[in-house]
Every structure is written in C-alpha cells, then in structure tokens.
Amino acid sequence: MMKQAFIVLALLGVAFSAPQPRKQFSEHVSEFLNIIAEEAGDDINHLLEHYLEFEEFRTALAYTQSTNFRDLIYEMEALPEFNAVLDFLENDNIDIHTFIDLLNEILDYIEKMKRNTRHSVSGTTMSDFIYDSIAVFPTAKLAALFDEKMANDEAFSTALINLQSEEWRQIATALWENEVFQKEIQLLRENGIEVEALMDEVFAIFGQE
C-alpha cells in the first residue's frame with residue numbers, strides 16, 4: 001500500500017528542478033539518506049564510476065539536461081491533476097522538493113565523477129544503476145528507522161497515513177490515468193528513464209519493499 005502512495009512522489013522527483021523552501025518532512029528524509037551515505041556511500045560511488053562507462057546510462061543522463069526534457073516538464077506542470085497532487089502533498093507537510101534537491105545533487109555529482117574504479121554491475125542503463133544501488137542500501141537499518149518514526153513521531157506517521165487515504169488514492173489515480181501524463185511517462189521511458197525504477201528507489205530509501 002505504501003508503494004502505491006509514493007508513485008507520484010517518485011515521479012515528481014524526476015520532474016522538477018526549481019529550489020523551494022524546505023519543510024519538516026525533509027529533516028526526516030535526511031536521516032534516511034544519511035544512513036545510506038554512511039553505510040553504502042562508497043559502494044554507490046563505485047557503481048556511478050562504472051556506469052559512466054556505458055553509453056545508455058550517459059544518454060539518459062544527458063536527456064535530463066536537454067530542452068526536450070524541460071518542455072516535457074512544462075507540459076506536465078500545466079496538468080490540473082498534477083497540481084492537485086502538489087496541493088495534497090503540501091497540505092500533508094511533505095516537501096516534494098526534498099526529493100528534487102536530492103535528484104539534482106545526484107545528477108551534478110555524476111557529471112563530476114572520474115571513471116577509475118571497477119565495481120560489479122548488472123547492466124548498462126539508468127534503471128540497472130538504480131537497482132544496483134538499491135541492492136547495497138542498508139535495508140535493515142532503514143526499515144528500523146522507519147518503524148521507529150511510525151511508532152513515535154506523530155508528524156511523520158500522519159503524513160504517511162494520509163498517503164494511504166481514499167482522497168490521496170483518487171488524486172494520484174487521476175494523474176496516473178491522465179492520457180497526457182501517460183504519454184509523458186512513455187517519453188521518459190524511451191529516453192532511458194523508467195518511472196517504475198524511480199518509484200522503487202524512493203520506496204527503498206525508507207527501507208520498504
């Protein structure tokens with residue numbers, strides 16, 4: 001159920017780049033990201049270095065910097081269903097731009113990487129990189145933190161419980177089933193960016209399967 005709740009959240013992480021004020025939820029997310037950096041940072045760095053050798057990975061990365069990508073985002077921003085999702089998340093005190101900032105930091109870092117370290121990889125695409133990264137996440141520690149926050153932090157648990165509500169399901173479904181939105185997802189896929197992989201990565205950050 002929680003995976004369904006994060007579908008649009010993960011896609012928005014791909015979509016935006018404008019900086020926005022941070023909110024409380026970003027502090028929670030940072031705790032999870034800090035665990036990943038401490039426990040798996042070196043492994044993920046090695047994966048990045050290796051994936052930069054692959055044309056498919058570099059092509060997908062280049063697309064995120066292109067005019068075509070920006071045009072797709074502008075089209076997405078114009079959808080009423082998209083703005084309904086943003087409004088719900090803002091009212092739920094979830095700062096979607098936390099994930100946006102994370103994406104931008106990753107893309108900037110990839111641009112600066114040197115290709116001098118080998119690491120075992122499963123493929124050559126952006127999605128392969130995402131799943132290889134997830135495989136080295138300290139899932140047990142992330143899941144333990146998630147459970148602790150759900151049990152003891154009212155703001156965190158309330159935000160995520162709201163993402164299981166019927167209101168959220170209707171809002172997210174309306175966007176997901178929008179014809180224009182589906183065409184945008186397909187265009188991303190054709191350019192090496194699979195939304196399903198991004199959804200799984202956001203989910204994995206919280207130690208959830």
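Which helix does Glu 201 lie in? Select helix H13, residues 195–205, and Glu 201 is there. Keep in mind that this is a predicted model.

**Stop 1: Glu 201**

Show the surroundings of Glu 201. Leaving out residues up to four places away in sequence, Glu 201 touches Ile 130, Ile 134 and Phe 137. Is Glu 201 buried or exposed? Its relative accessibility is 18%, so Glu 201 counts as buried; the cut-off for that is under 20%.

**Stop 2: H6 and H11**

Next, select helix H6 (residues 80–91) and helix H11 (residues 166–176). Their axes come within 8 Å and cross at roughly 150 degrees. H6 is therefore roughly antiparallel to H11, since angles over 145 degrees count as such. The crossing of H6 past H11 is left-handed.

Now show side chains. H6 brings Glu 81, Phe 82, Ala 84, Val 85, Phe 88 and Leu 89 to the contact. H11 brings Glu 167, Trp 168, Ile 171, Ala 174 and Leu 175. Colour this H6–H11 contact by residue class: nine are nonpolar, two are charged and no polar residue takes part.

**Stop 3: H9 and H10**

Move to helix H9 (residues 139–152) and helix H10 (residues 154–162). At what angle do their axes cross? The crossing is at roughly 100 degrees, and the axes come within 6 Å. That angle makes H9 roughly perpendicular to H10.

Select the contact residues. From H9, take Phe 146, Lys 149, Met 150 and Asn 152. They meet Glu 154, Phe 156, Ser 157, Leu 160 and Ile 161 in H10. The H9–H10 contact divides into five nonpolar, two polar and two charged residues.

How values were computed:
Residues are numbered from 1 along each chain as its sequence is written. This is a predicted model: local features need pLDDT of at least 70, side-chain atom pairs count only at pLDDT 80 or more; totals for chains, interfaces and linings use all residues. Side-chain values use heavy atoms; hydrogens and water are left out. Axes are lines fitted to C-alpha atoms, for helices over the stretch in contact, and angles run from 0 to 180 degrees between N-to-C directions. Helices (H or I, at least four residues) and strands (E, at least two) are DSSP runs, numbered from the N terminus. Angles under 35 degrees count as roughly parallel, over 145 as roughly antiparallel, 65 to 115 as roughly perpendicular and the rest as oblique. Contact means heavy atoms within 4.5 Å. Ala, Val, Leu, Ile, Met, Phe, Trp, Tyr, Cys and Pro count as nonpolar, Asp, Glu, Lys and Arg as charged, and the others, Gly among them, as polar. A crossing is left-handed if the near helix is turned anticlockwise from the far one by less than a right angle, and right-handed if clockwise. Buried means under 20% relative accessible area, exposed over 50%, partly exposed in between (1.4 Å probe, protein chains only).
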